[in-house]
Amino acid sequence: MVDSPYETAGLPRSVELRVDPLVSERFLVIDGRLAMTGHASRMAMVRTPVLVSLLGDLFEHVWSRAESRPRGWNAPVSLTEQEKTVLRMAAEGMTDEMIGRRLGLTSRTVRRHMANAMERLGTHSRLQTGVRIAQAGIV
């Protein structure tokens with residue numbers, strides 16, 4: 001299951017897209033011998049036959065209940081409440097250090113929340129992220 005448009009996912013036109021709102025991870029089973037799951041920068045690859053079989057069964061179960069999506073469909077972005085709060089505070093002009101003090105987090109944790117949100121939004125800069133969340137009305 002893929003959570004981005006066919007064009008940006010690099011999938012051929014013969015691939016069917018289905019989405020299950022309860023499954024937030026990307027999930028792929030290849031030839032019954034390899035399973036991959038996770039997000040782009042944190043993918044897990046499984047080759048153990050018993051686990052691949054189990055993940056294949058799970059995939060089939062989820063696939064049978066997932067909703068079909070047309071070509072060009074854009075998935076809504078799901079962010080954690082903490083990520084939304086960090087984005088909202090950054091949009092108000094607060095620095096990572098200020099956000100961290102207000103939320104009781106380190107500035108490093110604030111940057112991690114920002115990086116995770118940017119990855120899910122498919123953005124590469126804080127400016128691009130601000131524009132994307134404003135357009136989508138996310139925060």
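Student: What makes Arg111 and Asp96 a salt bridge?

Tutor: Their closest N and O atoms are 4.0 Å apart. The cut-off is a side-chain nitrogen of Lys or Arg within 4 Å of a carboxyl oxygen of Asp or Glu. So the pair of Arg111 and Asp96 counts as a salt bridge. Keep in mind that this is a predicted model.

Student: Which parts does the pair tie together?

Tutor: Arg111 lies in helix α5 and Asp96 in helix α4, so the bridge links parts that are 15 residues apart in sequence.

Student: Why is Asp96 called buried?

Tutor: Asp96 has a relative accessible area of 10%. Buried means under 20%. Therefore Asp96 is buried.

Student: And why is Arg111 called partly exposed?

Tutor: Arg111 has 40% relative accessibility. Exposed means over 50% and buried under 20%, with partly exposed in between. So Arg111 counts as partly exposed.

Student: What makes α4 and α5 roughly perpendicular?

Tutor: Helix α4 (residues 96-103) and helix α5 (residues 107-121) pack at an angle of about 105°. Angles of 65 to 115 degrees count as roughly perpendicular. Therefore α4 and α5 are roughly perpendicular to each other. Their axes are 8 Å apart.

Student: Which residues meet there, in α4 and in α5?

Tutor: From α4 come Asp96, Glu97, Ile99 and Gly100. From α5 come Ser107, Val110 and Arg111. By class, this contact of α4 with α5 has 2 nonpolar, 2 polar and 3 charged residues.

Student: How do you know that α3 is roughly perpendicular to α5?

Tutor: The axes of helix α3 (residues 81-91) and α5 cross at roughly 100°. The range for roughly perpendicular is 65 to 115 degrees. So α3 is roughly perpendicular to α5. The two axes come within 9 Å.

Student: Which residues of α3 meet α5?

Tutor: Gln82, Glu83, Val86, Leu87 and Ala90. On the α5 side, the partners include Val110, His113, Met114 and Asn116. The contact of α3 with α5 divides into 7 nonpolar, 3 polar and 2 charged residues.

Student: Is Asn116 buried or exposed, and why?

Tutor: Asn116 has 15% relative accessibility. Buried means under 20%. So Asn116 counts as buried. Asn116 is found in helix α5. Leaving out residues up to four places away in sequence, Asn116 touches Arg42 and Glu83.

Student: How many salt bridges does the structure hold?

Tutor: The structure holds 5. One of them pairs Glu81 with Lys84.

Student: What makes Glu81 and Lys84 a salt bridge?

Tutor: Their side chains meet at 3.7 Å, N to O. The limit is 4 Å, so the pair qualifies. Glu81 and Lys84 are 3 residues apart in helix α3, which means a separation of about one helical turn.

Student: Are Asp31 and Arg33 buried or exposed, and why?

Tutor: Asp31 has 64% relative accessibility. Arg33 has 62%. Exposed means over 50%. Therefore Asp31 counts as exposed, and Arg33 counts as exposed.

Note on methods
Residues numbered from 1 in each chain as written. Predicted model: local features only at pLDDT ≥ 70, side-chain atom pairs only at ≥ 80, totals over all residues. Heavy atoms only, no water. Axes fitted to C-alpha atoms, helices over the stretch in contact; angles between N-to-C directions. Helix = DSSP H or I, 4+ residues; strand = E, 2+ residues; numbered from the N terminus. Parallel < 35°, antiparallel > 145°, perpendicular 65-115°, else oblique. Contact = heavy atoms within 4.5 Å. Nonpolar A, V, L, I, M, F, W, Y, C, P; charged D, E, K, R; others polar. Buried < 20%, exposed > 50% of the residue type's maximum accessible area, 1.4 Å probe, protein only.
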